[in-house]
Amino acid sequence: MLKKECQYCLNREAIENFGRVALETETSLIIVFKDQSHKGRLVVAYKKDHVAEIADLDEENLNAFMGDVIKAVKLIRKLFNPDRVNYGAFSDTLGHLHMHLVPKYEGGFEWGGTFAMNTGNYASDEEIDNLCKLVKENW
């Protein structure tokens, strides 16, 4: 069941506070995160239901969600050539299954440490539009 107060479930305007939906799959929203301190950072959010954790998914939906995560990581690798991609599934307060995919570069910003949620390095609307276009064209 979807929750009306959850930004990932129903309130797409709330998503605009932190990102822009680049595309939807059958299972997920693929979101370009506005903080682009790590160029190419995406969020993959489960969209079929309000689910808190990966362990709450049945096998079919788990495979579909993780398939979208892997496809998004491969897209990040293809477009941005990072040395690593960090994965973050934080939901202490929000409680909706989503995963941050953060490309990182050896010797670059935050290399060797945990990535920050919001550094204040927000991309312009034009940059976000271009990243959304890249995601759509290469998905």
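Two strands count as paired if DSSP finds at least two bridges between them, where strands (E, at least two residues) and helices (H or I, at least four) are DSSP runs numbered from the N terminus. The model is predicted, so that local features need pLDDT of at least 70 and side-chain atom pairs count only at pLDDT 80 or more, while totals for chains, interfaces and linings use all residues. Residues are numbered from 1 along each chain as its sequence is written, and side-chain values use heavy atoms, with hydrogens and water left out.

**View 1. Strand S3 and its pairing partners.** S3 pairs with S5 in the antiparallel sense over 4 bridges, and Val44 has Met99 of S5 as its bridge partner. S2 also pairs with S3 in the antiparallel sense, over 5 bridges, with Ala45 of S3 as the bridge partner of Leu29.

**View 2. The two faces of S3.** In a regular strand the side chains alternate between the two faces of the sheet. Leu42, Val44 and Tyr46 on one side of S3, and Val43 and Ala45 on the other, are all buried (under 20% relative accessible area, with exposed over 50% and partly exposed in between, for a 1.4 Å probe and protein chains only).

**View 3. The buried face of helix H2.** The buried residues of H2, among them Phe65, Val69, Leu75 and Phe80, fall within an arc of 160° seen down the helix axis, so they line one face; the arc is that of the directions from the axis to the C-beta atoms. On the other side of H2, Glu59, Glu60, Lys74 and Lys78 are exposed.
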